[in-house]
Amino acid sequence: MADQGTESILQFAPFQSAVDEGFWHRLSSLKLNKLGIDDSPIPITGFYAPCSHPHVSNHLTLVSESLPSESSEHFSPEIIRGNRNRCPVPGILYNTNTLEGFQSLDKQSLLRAEARKIWEDIRSGKVDEDNSVLLRFLVISFADLKNWSFHYWFAFPALILDPPATLVGLKSAAQWFSVEEAESVTAACNDWRNMCSTTDVPFFLVSISSNSAATIRHLVEFDACQKNGDKVLFGFYDPCHLPNNPGWPLRNYLWYISRRWSLKKVHFFCYRESRGFANLELSLVGEVSISNSQDLKNDQNMPNAVGWEQNNRGRKAPRCISLAKTMDPTRLAISAADLNLKLMRWRQLPSLDLNVLSSTRCLLLGAGTLGCQVARMLMAWGVRKITLLDSGKVAMSNPLRQSLYTLDDCLNGGELKAEAAVKSLKKIFPAVEAESVIMAIPMPGHPVPSQEENSVLEDCKRLHELIDSHDAVFLLTDTRESRWLPSLLCANANKVTITAALGFDSFLVMRHGAGPLSSSPEIKAKATNDLSAEIGALSLKDNIKGQRLGCYFCNDVVAPVDSTANRTLDQQCTVTRPGLAPIASSLAVELLVGILHHPSGIFAKAEFASSIDTGGEQPLGILPHQIRGSISQFSQMTLAGHASASCTACSSTVVEEYEKRGLDFILEAINHPTYLEDITGLTELMKSAASFQIGWDDETGDEDDFVEI
């Protein structure tokens, strides 16, 4: 504290700024929806309050309400008076369109322009009506809405007294007032702060009569107080907490006092609070000496001004804040999309592993009715890595049934389905990592001309690489034969595989079992990603006890062939009831989520709702092998089918032959479908079935009935 009689230049604690995120949100909205490239100054309102903590100063704060609303007719902030914690202060915002424009602003001219407003308000008497104008401030900014970063700089213009005011004395208010005066001042200040009409008036008079009774008055009552012979102090809400320095608002306050009343000695009262009540221990009372200056009476030349705020490093330089985490629409979309999944974990599903879901790479073979629905369901479950493979184009008949397409996708011959689907997914959820692959899947029964062999083999190789690089594969194509090669490759790579197939009013959804060679170290060593390695490392105990679950082809006794030849239009197209695809797609995705959360993963046994030995029901429920449903019967049942040793897609014979011969094997299977029947034993099986002869003895009651094979 400065002792009485020791004079020194009065030093002020600078104002400090704080900007709430809501301010930048509203500024961004204003810029995008209303302002555009208009960089005209924007009237804003800042808020501050008296210091309320012995070790922390209050800041001048900008919040969303500091800016005008988009619907505001006069484009000025709507100020609600009477909030004791929000004393409104008028300000101006210069928001530039470019960073270069921000950097090239004439900052000194802007500061002087705002200081001139304060000077003119003092000269005109406006301060007598609204003393908050003594605290005018300005902000310059540049809003980088592409990267959601904001460059800004505050200035709190202060008119310079020349010569400067000298401090005669500065004490704690509790020491300066007598006991009676202190009690009365405390009560008067609390009353002032508790009245809606005065609680946010930052400058006032403290009038103390000869009997130690204190009264808080408006500034315009100063002359009346002097006539009464009262002791008068010029009070203000001090945001500063320092014990030896008054806050920044006193600077313009002293200039106003000197100009208004030509006082040479001024007693000021730095009002500070604790827990919402006046605290005279924290508050300060000081006396300053002000020399007569020509600037005070000069109506022609405005005095000099200072006031640019220092940044966090103590330098006079702008600040920059990045709010990408909260303001970038993509990141906001991620947060909003994950909200439902995160709420699941609160009560219903604490074990839900969002990291596994978001990191699972899904390959969708087919971007038609099923592919569109599956992709959307995957995103709803938090899957973020989706690849769609298709070779077709969007037709006019597609948008009504295939939810990712619109009429625009059908124009000019139609966009490629895979590409159009990816664009649509990114519009729905910008953070999805969706990719498109344009290729046809080589199929048995569709012979390849010699001149196209290299191209088809390249497609086979590419499909092999795609399956290897993904964690889960969905078979969503229209024909039976188009599922053969993916089924073989998935069995070979031991990938999680889900098939969904539609009839007119029925559907099949199933998960393929583990590959026949999945227990061999060689296959495990081929895992190309963490999830595949984890799947390969799972115990095979349950698998050894029972048989391996089958794939889509395990119940067939013939090899897949061309199913579209010599078919009418309704037989070539997938004619189904519209409600089937959403049901089947949802079940397919639910199967995947169940596999990813099952401790046995791809090796999990088939489970049934009525099963006694399910190994303990998982949090997501049972994990069936096959789900077959009928819309016409509004029925659904779960089935299980074991892997067939004669399967043309997943049997050890076929997988080992592919391992041995590679692309040559695939080419032969494509050109000669019966080749698959030959090597799997189906040809012999059919011959044996054809030779069945059942004879009946004419004599009744003879027990020598026989079956000859």
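This report walks through a predicted model, from its confidence to its sheets, rings and cysteines.

## Confidence

The structure is a prediction. Its mean pLDDT is 86, and 88% of the residues reach 70 or more. Two stretches call for caution. Over residues 520–545 the pLDDT is below 50. That stretch still has 40 contacts in the model beyond near neighbours in sequence. Residues 701–709 also have pLDDT below 50. Here the model shows nine contacts beyond near neighbours in sequence.

## A seven-stranded open sheet

Seven strands form an open sheet with mixed pairing. Their order is β1-β8-β15-β12-β11-β9-β10. The edges belong to β1 (8–9) and β10 (214–217). Each has a single partner strand, so one side of each is left without a neighbour in the sheet. For β1, strand β8 (residues 166–172) is joined by two bridges, and the two run antiparallel. Within this pair, S8 stands opposite L167.

Strands of a sheet pair through backbone hydrogen bonds, either parallel or antiparallel.

## Helices across the sheet

Helix α6 covers residues 179–194. It lies across β9 (203–208), β10, β11 (231–237) and β12 (265–271). Its direction makes an angle of about 30° with β10.

Helix α8 covers residues 249–261. This helix lies across β9, β11, β12 and β15 (284–289). It runs at about 145° to β11.

L280 sits in the loop between β14 (277–278) and β15. Is L280 buried or exposed? Its relative accessible area is 8%, under the 20% cut-off, so L280 counts as buried.

Which residues does L280 touch, leaving aside its neighbours within four places in sequence? The contacts are S172, A173, A174, F177, A182, V185, T186 and F269. F177 is 103 residues away from L280 along the chain, and their C-alpha atoms are separated by 9.1 Å.

## Aromatic pairs

The structure holds 26 aromatic pairs. One of them joins W24 and Y152. The ring centres are 5.3 Å apart and the planes stand at 50°, so this pair is tilted. W24 lies in helix α1 (residues 21–35), and Y152 lies in strand β7 (residues 149–159). The pair therefore ties together parts that are 128 residues apart in sequence. Both W24 and Y152 are buried.

F137 and F156 make another pair. Their ring centres are 6.4 Å apart and their planes are at 35°, so the pair is tilted. F137 belongs to strand β6 (residues 137–144) and F156 to strand β7, 19 residues apart. Both F137 and F156 are buried. Ring pairs also link a cluster: F15, F23, W24, Y48, F137, F150, Y152, F154 and F156.

A hairpin of three residues connects β22 to β23.

On to β24 (residues 626–630): β23 pairs with this strand in the antiparallel sense over five bridges. M510 stands opposite Q626 in β24.

How many residues of β23 are buried? Five of the six are, so strand β23 (residues 506–511) is largely enclosed by the rest of the structure. β22 is mostly covered too, with six of its seven residues buried.

## Cysteines

A disulfide is a covalent bond between the sulfur atoms of two cysteines. How many disulfides does the model contain? The count is zero. C270 shows the case. The nearest cysteine sulfur, that of C240, is 8.1 Å away. A disulfide needs sulfur atoms within 2.5 Å, so C270 is in none.

C270 is also buried, because its relative accessibility is 0%. C490 is another buried cysteine, with a relative accessible area of 3%.

Conventions:
Residues are numbered from 1 along each chain as its sequence is written. This is a predicted model: local features need pLDDT of at least 70, side-chain atom pairs count only at pLDDT 80 or more; totals for chains, interfaces and linings use all residues. Side-chain values use heavy atoms; hydrogens and water are left out. Buried means under 20% relative accessible area, exposed over 50%, partly exposed in between (1.4 Å probe, protein chains only). Two strands pair if DSSP finds at least two bridges between them. Helices (H or I, at least four residues) and strands (E, at least two) are DSSP runs, numbered from the N terminus. Contact means heavy atoms within 4.5 Å. Axes are lines fitted to C-alpha atoms, for helices over the stretch in contact, and angles run from 0 to 180 degrees between N-to-C directions. pLDDT is the predictor's confidence in each residue, from 0 to 100. Rings of Phe, Tyr and Trp (its six-membered ring) pair if their centres lie within 6.5 Å; planes under 30 degrees apart count as stacked, over 60 as edge-to-face and the rest as tilted.
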